[in-house]
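Biologist: Can we go through this one together? I would like to start with the terms and then move to the residues.

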Amino acid sequence: MKASVYRPSITKDEDGRTCLSFPVVDIFAARRMAAKLKPDVRYMLSAEKEKKPRSNDQNRLMWELCQRIAEALDIKRNEVYREIIRDYGDYVTVRVSRADAVLVANEWQAKGIGWISECESADGDDLVLRLYQGSSTYDTAQMTRVINALMDECKTLGIDVDDERLVSLLAEN
């Protein structure tokens, strides 16, 4: 369960217990979370800094670079995208039975072009799958890593990245 919150405050309730409360960004998300918490169960709370999601400008820039590389190599843009996700994207590994591996892989890959499933290793009746998420889930730091790799690839291939369109997209990031 997750909720986007701001700086907490500490108060005392009517029984003198210390309470930690957070102003929330999304009241509905907070209500859904509160509805799942049972009153007689003790929970462990942790907090992490919210990551800024990748921007639409970053997304446009990434696809523009993928297109230029694809044209230079005479391949499809999606092939460039999937390769960059494999090389620079984050992934998780999961162990599944051989019987379930195809189902897991198909459901994962149905989420989009960059949602890639690869078999990392086999261990008896189990397979270890490497699952990559598409860039739609990336934060700005992850997307910057991908864009930088694409820029380097463009330079390696002698693709001009100093034209007006790319410069304006880069300036927006």
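Modeller: Buried means under 20% relative accessible area, exposed means over 50%, and partly exposed is in between, with a 1.4 Å probe and protein chains only. This is a predicted model, where local features need pLDDT of at least 70 and side-chain atom pairs count only at pLDDT 80 or more, while totals for chains, interfaces and linings use all residues. Residues are numbered from 1 along each chain as its sequence is written, and side-chain values use heavy atoms, with hydrogens and water left out.

Biologist: Where does Leu37 fall on that scale, buried or exposed or partly exposed?

Modeller: Leu37 is partly exposed, because its relative accessible area is 32%. Leu37 is found in the loop between H1 and helix H2 (56–73). Helices (H or I, at least four residues) and strands (E, at least two) are DSSP runs, numbered from the N terminus.

Biologist: What does Leu37 touch, not counting residues up to four places away in sequence?

Modeller: Leu37 touches Met1 and Tyr43 on that count. Contact means heavy atoms within 4.5 Å.

Biologist: And how far is Leu37 from Lys52, C-alpha to C-alpha?

Modeller: Their C-alpha atoms are separated by 27 Å, and the two residues are 15 apart along the chain.

Biologist: Another loop residue, then. Where is Val24?

Modeller: Val24 sits in the loop between S2 and H1. Val24 counts as partly exposed because its relative accessible area is 33%. With neighbours within four places in sequence left aside, Val24 is in contact with Ser4, Val5 and Ala30.

Biologist: Changing topic: what volume does the largest pocket have?

Modeller: The volume is about 1300 Å³. Of the 26 residues that line the largest pocket, Met1, Ala3, Met33, Leu45 and Ser46 are the closest to its centre. On a 1 Å grid over the protein atoms alone, a cavity is a set of points where a 1.4 Å probe fits but cannot get out, and a pocket is an open set with protein on both sides within 12 Å along at least five of seven lines; lining residues have an atom within 4 Å of a point. Grid points are joined across faces, edges and corners, and a volume is the space filled by probe spheres set on the points.

Biologist: Which element gives the most to that lining?

Modeller: H1 does, with three residues. Strand S2 (18–21) and helix H1 (27–36) each supply at least two residues of the lining. The lining residues divide into 16 nonpolar, three polar and seven charged. Here Ala, Val, Leu, Ile, Met, Phe, Trp, Tyr, Cys and Pro count as nonpolar, Asp, Glu, Lys and Arg as charged, and the others, Gly among them, as polar.

Biologist: On to helix packing. At what angle do H2 and H3 pack?

Modeller: The angle is about 115 degrees, and the axes are 8 Å apart. Axes are lines fitted to C-alpha atoms, for helices over the stretch in contact, and angles run from 0 to 180 degrees between N-to-C directions.

Biologist: Which residues meet there?

Modeller: From H2 there are Met62, Trp63, Cys66, Gln67, Ile69 and Ala70, and they meet Arg77, Asn78, Val80 and Tyr81 in H3. The residues of this contact divide into seven nonpolar, two polar and one charged.

Biologist: What about H3 and H5?

Modeller: Helix H3 (residues 77–88) and helix H5 (residues 140–156) pack at about 120 degrees, with axes 10 Å apart. Val80, Ile84 and Tyr88 of H3 make the contact with Arg145, Val146, Ala149 and Leu150 of H5. That contact has six nonpolar residues, no polar ones and one charged.

Biologist: Back to loops: where is Asp74?

Modeller: Asp74 is in the loop between H2 and H3. Its phi is near 55 degrees, a positive value in a residue other than glycine. Asp74 is exposed, because its relative accessible area is 71%.

Biologist: Last topic, the strands. Is Ser117 buried or exposed?

Modeller: Ser117 counts as buried because its relative accessibility is 13%. Ser117 lies in strand S4 (residues 116–123). Among its contacts beyond four places in sequence are Trp108 and Arg130.

Biologist: Where is Arg130?

Modeller: Arg130 lies in strand S5 (residues 126–132). Arg130 is partly exposed, because its relative accessibility is 22%.
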